[in-house]
Amino acid sequence: MPLSKGRAAVIGAGVAGLTCARDLHRGGWDVDVYDKSRGLGGRLSAKRIDGLGTVDLGAQFFTAQTPEFKSLLEHAAHSGLVEQWKARVAYIGPNGVESATNQTRWLGVPAMNAWLELLWPRSKVKFEQPIERLTRDDSGLWHLNDADTGYSAVILAMPPAQAAALAAGTQVVSPLSQVTMNPCWAGLAIFEAPLPVDFDAAFVRVGGLDWIAANHQKPGRTSHPAAWTLHAGPMLSRQIFELPGDEVKPHLLEALATALGRELPKGQVSLTHRWRYASPASPSAPGIVWNSELGLGAGGDWAVGGRVEGAFTAGRQLAEAVITEHS
């Protein structure tokens, strides 16, 4: 058996963390992946509701531009874990409803995170393991929550504010503190009649929303024939950020009615979720953070463009930085 090139801890089981773990393992590293939640995917995670089905409240689709990500999606499609979304996508702006830019959009099937086990097995993730402290011993090894296991490299695959909190007191904090993330309140609206629209999803730039989509039109999702995912835009999300979920619901419906310019069918928002760190506030991509002296790095979609593919690319870059440093 070949000797391990080192032991790494990846904190965060989203796309960036799982991609980084995969590439480190391929490079000969022993890898432990930790996540505070109970499932894979971060903002790709899906919610299953008894009697209703699967709901996408986070990322709604993903695109592919790089050869590496296209190759992965081709493999996932062959395995039946992703498929192209044949949706009628619109743009709702000050001038009304227009067709959105035509591009290939992908969905995980039957949920957005279905393909992630192609990156890293679910069975090898240490779920419900919140990491609250990082300490470094005299030999330069990192310890998580003061545990005995030592790591020569630690990757913080999480939003920059959370990564900065864990990396407190190190040189990694400064670049992380310069990245600002937008929040997003998301909700699932259930109507008694179909919405009177001729599209399946829309980017929204009026009324306070950012995105709406017919969740029931996605394969394997909700069975209800009029279930719509609503994403509040950054401005509205900040205005209502501290409200409890029940008080957020009417704001989402009011914003939807404003965007559509008409009265809505009878219905209600049955589910809400607050994403504290939903998307980068700046369109510029700061890149991953890696300190070779400390063996400490951070990255996510925020580092490379704010999309699912950006998270994948960030994970690859982080793994490459670790492997190159120890080659």
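User: Let's start with a cysteine: is Cys184 buried or exposed?

Analyst: Keep in mind that this is a predicted model. The cut-off for buried is under 20% relative accessible area. Cys184 comes in at 9%, so Cys184 is buried.

User: And Cys20, buried or exposed?

Analyst: Same cut-off as before: under 20%. Cys20 has 0% relative accessibility, so Cys20 is buried.

User: How many disulfides turn up in the whole structure?

Analyst: A disulfide is a covalent bond between the sulfur atoms of two cysteines. The search looks for cysteine sulfur atoms within 2.5 Å of each other. Run over the whole structure, the count is 0.

User: Cys20 is part of the contact between H1 and H7. At what angle do the axes of those helices cross?

Analyst: H1 covers residues 15-26, and its axis comes within 7 Å of that of H7. The crossing is right-handed. Among the contacting residues are Val15 and Leu24 of H1, with Phe312 and Leu318 of H7; by class, the contact has 11 nonpolar, 2 polar and 3 charged residues. As for the angle, the axes cross at roughly 35°.

User: Which strands does H7 lie across?

Analyst: There's an open sheet of 6 strands with mixed pairing, in the order S9-S2-S1-S12-S19-S18. S9 and S18 are its edge strands. H7 (residues 308-325) runs at about 15° to S18, and the strands it lies across are S12, S18 and S19.

User: Which residue of S19 is the bridge partner of Ile155?

Analyst: S12 (residues 153-156) and S19 (residues 296-298) pair in the parallel sense, over 3 bridges. Ile155's bridge partner in S19 is Gly297.

Conventions: Residues numbered from 1 in each chain as written. Predicted model: local features only at pLDDT ≥ 70, side-chain atom pairs only at ≥ 80, totals over all residues. Heavy atoms only, no water. Pairing = 2+ DSSP bridges. Helix = DSSP H or I, 4+ residues; strand = E, 2+ residues; numbered from the N terminus. Contact = heavy atoms within 4.5 Å. Axes fitted to C-alpha atoms, helices over the stretch in contact; angles between N-to-C directions. Left-handed = near helix turned anticlockwise from the far one by under 90°. Nonpolar A, V, L, I, M, F, W, Y, C, P; charged D, E, K, R; others polar. Buried < 20%, exposed > 50% of the residue type's maximum accessible area, 1.4 Å probe, protein only.
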